[in-house]
There are 2 protein chains.
Amino acid sequence: MALVDNQSGLFTDHYELTMAQGYFLSGMQDTSARFDYFFRKAPFKGSYVVFAGLQNLLEMLSGFQYDKNACDFLRQRGFNPEFIDYLGHFRFSGDVWSAAEGEIVFPFEPVLSVEGNIIECQLIESMLLNILNFESLIATKASRMKHAAGDKQFIEFGLRRAQGTGGIQASRAAVIGGASGTSNMLAAYQYGLVSTGTQAHSWIQSFDDELTAFREFAKAFPDRCILLVDTYNTLCTGVPNAIKVGLEMEQKGHRLLGIRLDSGDIAYLSKQARKMLNKAGLEYVKIVASNQLDEYVIRSLNEQDAPIDAYGVGTNLITGRDDAALDGVYKLVFSNGRERLKISDNIEKMVLPGKKRVFRFTDEQGSLYADGISLDSEDEFDTICHPFHSEKCSEVSNLKREEIVQKVMERGKTMITSKNPYDIAAFATERIKQLPAEHKRFEFPHIYKVGITGKLMEKRNTLLMEIRKEL
Amino acid sequence: MALVDNQSGLFTDHYELTMAQGYFLSGMQDTSARFDYFFRKAPFKGSYVVFAGLQNLLEMLSGFQYDKNACDFLRQRGFNPEFIDYLGHFRFSGDVWSAAEGEIVFPFEPVLSVEGNIIECQLIESMLLNILNFESLIATKASRMKHAAGDKQFIEFGLRRAQGTGGIQASRAAVIGGASGTSNMLAAYQYGLVSTGTQAHSWIQSFDDELTAFREFAKAFPDRCILLVDTYNTLCTGVPNAIKVGLEMEQKGHRLLGIRLDSGDIAYLSKQARKMLNKAGLEYVKIVASNQLDEYVIRSLNEQDAPIDAYGVGTNLITGRDDAALDGVYKLVFSNGRERLKISDNIEKMVLPGKKRVFRFTDEQGSLYADGISLDSEDEFDTICHPFHSEKCSEVSNLKREEIVQKVMERGKTMITSKNPYDIAAFATERIKQLPAEHKRFEFPHIYKVGITGKLMEKRNTLLMEIRKEL
């Protein structure tokens, strides 16, 4: 199921269509182009990004089209009739190279590249950025929560505070980053995710007292009963009533699965609740915690040895708080037989021109050491250098190398099979394990090396000089 | 067009379905219930919210259903077969009261209420919160930008950094809050929004030089040509080339519409560019500015008298940065013939029980003075008091009063006609004008009075004492 079913071709910015019409009217519909997708800064003050969104992007590219309604709409908006006819028959027929979904990627490396005629490459820009930026943001946030949660589960609960229907994509991305499941039924349906959820305060309140509410729930769900214990008073009524119901369930041959804490000091309450449950012989009853959790609160709860078995995380995960967006961009690097370069007063905003390859270097222990970007024509090189400080170089000849960006679409046809989000998550987990701890810490993580080859640097510098001369 | 076309009934959290099944199995399908939607804190450290999302919500409620695929999915997930049969025939048939879309609303007041059987009220919770929280967040952010921009236009440009498909709703909400248009074509198509957009750096780069790129664009769009001038060097090449093309256009009987600045110091560059354009006799050419704008940067540019005619705003608007979500909640206030109250250790989290009405009080000059919440049964009252500090009261008998929450859906049928987003925006603008300046300032805005009547307070306190006695 694609993200936007009928009007996929309109899932773009006005200026993409304006430019496409401009290229069309300038007779450039066969001009070749290549664009790179990359980001300049990892979100959340971190060092890495979990790349997500590829599958949704490929589906959208496969179905990208303008139906009669779309063409009528563009006519009303004053677009050129011949150009609209062209769009009426338009299908994306370009090539795409990409890192695998779930791959760990780093600033400045071309994670994904698109090659085709300049019109098709341009038209898909906004959609591509929208999907990859957002899904990668959420997968990255989730992977930080997984890092904090250690061997404890965390579940994505955020639909009610998600940014509209974007929440559906976000639930999938959260699973890719490490969430064990979601509360979001539509995401579970569309993407085959594990869904979970028990009761809200309204359940408790809709009965005349808490004990009756708990008993009725236990009767309806004897084998998956988790009781929310904070509606009135967690330790005075909630936990004692849950214990009472738990013991009644035992007598009927069932077991209370858990209790959920959703307010107050979770560290304190979980310890008290654990003691009370254990004293009653309910050691097997799990404790689930929710309420404004993020990776820092989860870390703190773990450091305090709070006896919590699973975390439910909402707003901070589903919206990628505190970074609303990943700053990924899509830049022209090649067109009409020439490498292209956008120069800038800010050297770090400069683009790496032309077709390139991305290699990953791993040491003997299997730890990630560095990534290296080369010209398309080279695969043998011994050193990589910092893209802006050419004096900083690293020897990579003795390391295991692997090419991490591969062709995934040819002439508009997807070349890879669709994967289950949990398989993608397993790959992400493996990669995160390979990443040394210093790159994963939350405070001032060590920057991962992304270098370029001498030949690529030479090409960029030559092109830069040419442009400066022309100006 | 509804937000979620086919699987609307699954656009919910797992626990809503679990609870619904629980109510069903407990024989409570005819138990009446009423839920209030309200928020506790205005976002962006502001005092108010521009209420948005009502139209999308009503459409979703009208179409809320479980088709065969949804029922099969729920069967696989272990839901009860009789309950699934019930869902197969389910349609939302409740009543909804709401503030008008575009209304200015404040913390703690019940902006929207739903009444029906407890199952239907529960099932729609997550969807309702998702839509209202997000669209209101973005409309509010946009209204702050409008406040900062004064009589200058601002355009929403954020699709590429939006949170997935949520960006489509966000563009509509941005217009409700005051954006004059959007770059997002799908939102423009679905909601009848003005769309705009000219060229990106890739247009400039895909030609061998900037001047050719400008000329080709002017040729393709002789009457709506805005040139992006920062690809190489704004003042050395971009503006001079734009002036050259602008003069050439004059000779052909056309006029260059504008230039766009997208990097560097916008205040400085706009002043220099304005001088250069004027000196060449191109006083009519507009200057559009973009690049990481928010309400504070716009205010600062205006304070510096930067000669900017229109602002293009992206990420900060479309994601509602720095508040990822509005904290709106949906709480049970009445069920099975009884008022309901969720108490809490935090007194400010306490809910106002029962059916209520919301009045707005305006002074002789038409300025908003306060809102007052009463019991459903009363409309004559002279004073309103602070909900948590009963000694703080205000006399409202001499003020004009207006009931701002009205019935909008009866037995599942929408009672209001769908409105154009620009009409909703005009209403929001009127309301914002009525709001005194001290509530609109960005730094420590004065809190707007929202009081409750003595009778409502009495009812709440009585209920509170009853619950405490029961505990």
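# Reading a predicted two-chain model

Reader: Where is the place of A:Asp95 in chain A?

Author: A:Asp95 sits in strand 3 of chain A, which covers residues 95-99. The model is a predicted one.

Reader: Why is A:Asp95 called buried?

Author: Its relative accessibility is 16%. The cut-off for buried is under 20%, so A:Asp95 counts as buried.

Reader: Which residues does A:Asp95 touch, not counting those up to four places away in sequence?

Author: They are A:Ser113, A:Val114, A:Glu115, A:Lys407, A:Met409, A:Glu410 and A:Arg411.

Reader: What makes the pair of A:Asp95 and A:Arg411 a polar contact?

Author: A polar atom of the A:Asp95 side chain lies 2.7 Å from the backbone nitrogen of A:Arg411. The limit for N or O atoms is 3.5 Å, with one atom able to donate a hydrogen and the other to accept it. The distance of 2.7 Å falls within that limit, and therefore the pair meets the distance rule.

Reader: What is chain A like as a whole?

Author: Its secondary structure comes to 16 helices and 21 strands. Along the principal axes, the C-alpha atoms of chain A fill a box of roughly 80 × 60 × 35 Å. Of the 471 residues in chain A, 63% are buried. When contacts between residues at least 6 apart in sequence are taken, 75% of them join residues at least 24 apart.

Reader: How do you know that A:Cys385 and A:Cys393 form a disulfide?

Author: Their sulfur atoms are 2.2 Å apart. A disulfide requires two cysteine sulfur atoms within 2.5 Å, so this pair qualifies. A disulfide is a covalent bond between the sulfur atoms of two cysteines.

Reader: Why is the disulfide of A:Cys385 and A:Cys393 called right-handed?

Author: The torsion about its S-S bond is about 100°, which is why the disulfide is right-handed.

Reader: How many disulfides does the structure hold over all chains?

Author: There are two. In chain B, B:Cys385 is joined to B:Cys393, with S to S at 2.2 Å. That link is right-handed, with 100° about the S-S bond. B:Cys385 is buried at 12%, and B:Cys393 is partly exposed at 43%.

Reader: What makes B:Cys236 exposed and B:Cys121 buried?

Author: Exposed needs a value over 50%, and B:Cys236 has 57%, so B:Cys236 is exposed. B:Cys121 has a relative accessible area of 0%, so B:Cys121 is buried.

Reader: Why is helix 10 of chain B described as mostly covered?

Author: Eight of the eleven residues in this helix, residues 210-220, are buried. They are B:Glu210, B:Leu211, B:Ala213, B:Phe214, B:Glu216, B:Phe217, B:Ala218 and B:Ala220. The cover includes helix 1 of chain A, along with helix 9 (201-205), strand 8 (226-228) and helix 11 (234-251) of chain B.

Reader: Which residue caps the N-terminal end of helix 10 of chain B?

Author: B:Asp209 does, with a side-chain oxygen 3.2 Å from the backbone nitrogen of B:Leu211.

Reader: Where is B:Thr198, and what is B:Thr198 in contact with?

Author: B:Thr198 belongs to the loop between helix 8 (185-191) and helix 9 of chain B. At 11% relative accessibility, B:Thr198 is buried. Neighbours within four places in sequence aside, its contacts are A:Tyr15, A:Thr18, A:Met19, B:Phe217, B:Arg224 and B:Ile226.

Reader: How many residues of each chain are in contact with the other?

Author: 98 residues of chain A are in contact with 98 residues of chain B. The two chains bury about 8500 Å² between them, 55% of it on carbon and sulfur atoms. A:Arg160, A:Gln163 and A:Met185 supply 10% of the area that chain A buries against chain B, more than any other three residues.

Reader: What makes A:Arg160 and B:Glu16 a salt bridge?

Author: Their closest N and O atoms are 3.3 Å apart. The limit is 4 Å between a side-chain nitrogen of Lys or Arg and a carboxyl oxygen of Asp or Glu, so the pair counts. Between chain A and chain B the count is ten salt bridges.

Reader: Which helix gives the largest share of the side of chain A that touches chain B?

Author: Helix 1 of chain A (residues 14-25) does, with ten residues. By class, that side has 44 nonpolar, 36 polar and 18 charged residues.

Methods:
Residues numbered from 1 in each chain as written. Chains lettered and ligands numbered in written order. Predicted model: local features only at pLDDT ≥ 70, side-chain atom pairs only at ≥ 80, totals over all residues. Heavy atoms only, no water. Contact = heavy atoms within 4.5 Å. Buried area = accessible area lost by both parts, 1.4 Å probe. Helix = DSSP H or I, 4+ residues; strand = E, 2+ residues; numbered from the N terminus. Nonpolar A, V, L, I, M, F, W, Y, C, P; charged D, E, K, R; others polar. Buried < 20%, exposed > 50% of the residue type's maximum accessible area, 1.4 Å probe, protein only.
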